[in-house]
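Here is a short tour of the model shown below, meant to be read with the structure open beside you.

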Amino acid sequence: MIGLSAGPVHEVAVLGAHCDDIAIGTGATLLTLSRANPGLQVHALVLCGAGTEREGEERAALAAFCPGATVHLTLLGLPDGRTPAHWDTVKDGLSTFRRSCDPQVVFSTHRNDAHQDHRLLAELTPTEFRDHVVLGYEILKWESDTPSPNVFHPVAPETAEEKVRLLHKHYPSQAGRDWFDEHSFLGLSRLRGVQCRSAHAEAFIAEKTVLRFPQKGAA
């Protein structure tokens with residue numbers, strides 16, 4: 001296994017269909033990036049939840065998951081579970097969001113997610129962010145759609161545990177879901193850690209990657 005290390009990161013975009021998607025899929029990564037890159041700009045787009053109690057949850061959660069970063073959050077008011085019926089609105093929202101930022105990396109849902117809202121967002125994200133590194137994150141749930149990721153971000157055990165604490169603190173509306181618990185989140189991050197020789201990790205699926213090796217004679 002060959003690791004490739006990124007340089008300093010100044011701006012990222014994180015996209016979710018629902019409030020809590022971003023934190024579940026990339027929470028430990030956001031904690032790590034924010035602390036390693038003071039002044040990080042985090043642009044977040046969430047398709048559902050505007051004007052509901054979940055909007056307050058999401059704003060507080062992203063502030064906690066991005067310590068020291070500047071968070072720009074856009075929430076749309078699409079109905080949960082019905083976004084494919086609002087294709088034009090999703091596309092327009094993504095287009096407007098894209099013009100508001102120029103991130104070095106984009107985190108979104110992945111194409112094989114069984115939830116129709118997640119899947120539509122994953123399909124449309126690369127149509128707007130065409131020249132960016134787009135990484136699809138995973139969301140553990142009832143459906144057996146757990147992906148085979150090809151990008152792993154090792155995280156410290158204390159960061160994995162902090163992610164779980166913050167999820168429970170900031171998303172009380174989800175506490176009744178049978179999969180929304182410490183064992184689920186830490187179990188998945190431990191599994192991904194095993195797959196990259198780390199204690200814990202978050203894993204992603206890369207949309208497309210261009211790799212340039214140094215050429216002979218290049219400075």
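Leaving out residues up to four places away in sequence, Phe107 touches Ala13, Val14, Leu15, Thr26, Thr29, Leu33, Leu135, Tyr137 and Phe204, where contact means heavy atoms within 4.5 Å. This is a predicted model, in which local features need pLDDT of at least 70, side-chain atom pairs count only at pLDDT 80 or more, and totals for chains, interfaces and linings use all residues. Residues are numbered from 1 along each chain as its sequence is written, and side-chain values use heavy atoms, with hydrogens and water left out.

**The cores**

Phe107 is listed with Ile22 and Leu167 as having the most contacts inside the largest nonpolar core, a set of 38 residues. Such a core consists of buried Ala, Val, Leu, Ile, Met, Phe, Trp, Tyr and Cys residues joined through side-chain atoms within 4.5 Å. Helix 1 gives the largest share of this core, 7 residues. Apart from it lies another core of 18 residues, including Leu15, Leu76, Val90 and Phe129.

**Two helices together**

Helix 1 (residues 21-36) and helix 2 (residues 53-65) have axes that come within 8 Å and cross at roughly 35°. Axes here are lines fitted to C-alpha atoms over the stretch in contact, with angles running from 0 to 180 degrees between N-to-C directions. On the helix 1 side, Ile22, Ala23, Gly27, Leu30, Leu31 and Ser34 take part, meeting Glu58, Leu62, Ala64 and Phe65 of helix 2. By class, this contact has 7 nonpolar, 2 polar and 1 charged residues.

Is Glu202 buried or exposed? Glu202 counts as buried because its relative accessibility is 5%; buried means under 20% relative accessible area, exposed over 50%, and partly exposed in between (1.4 Å probe, protein chains only).

| Partner of the Glu202 side chain | Distance |
|---|---|
| Side chain of Lys163 | 2.7 Å |

The Lys163 pair is a polar contact, that is, N or O atoms within 3.5 Å, one able to donate a hydrogen and the other to accept it. Beyond its neighbours within four places in sequence, Glu202 also has Val151, Phe152 and His153 among its contacts.

Val133, in strand 5 (residues 133-137), is partly exposed, with a relative accessible area of 39%. Val133 touches Gln104, Val105 and Val106, not counting residues up to four places away in sequence.

Key: Helix = DSSP H or I, 4+ residues; strand = E, 2+ residues; numbered from the N terminus. Nonpolar A, V, L, I, M, F, W, Y, C, P; charged D, E, K, R; others polar.
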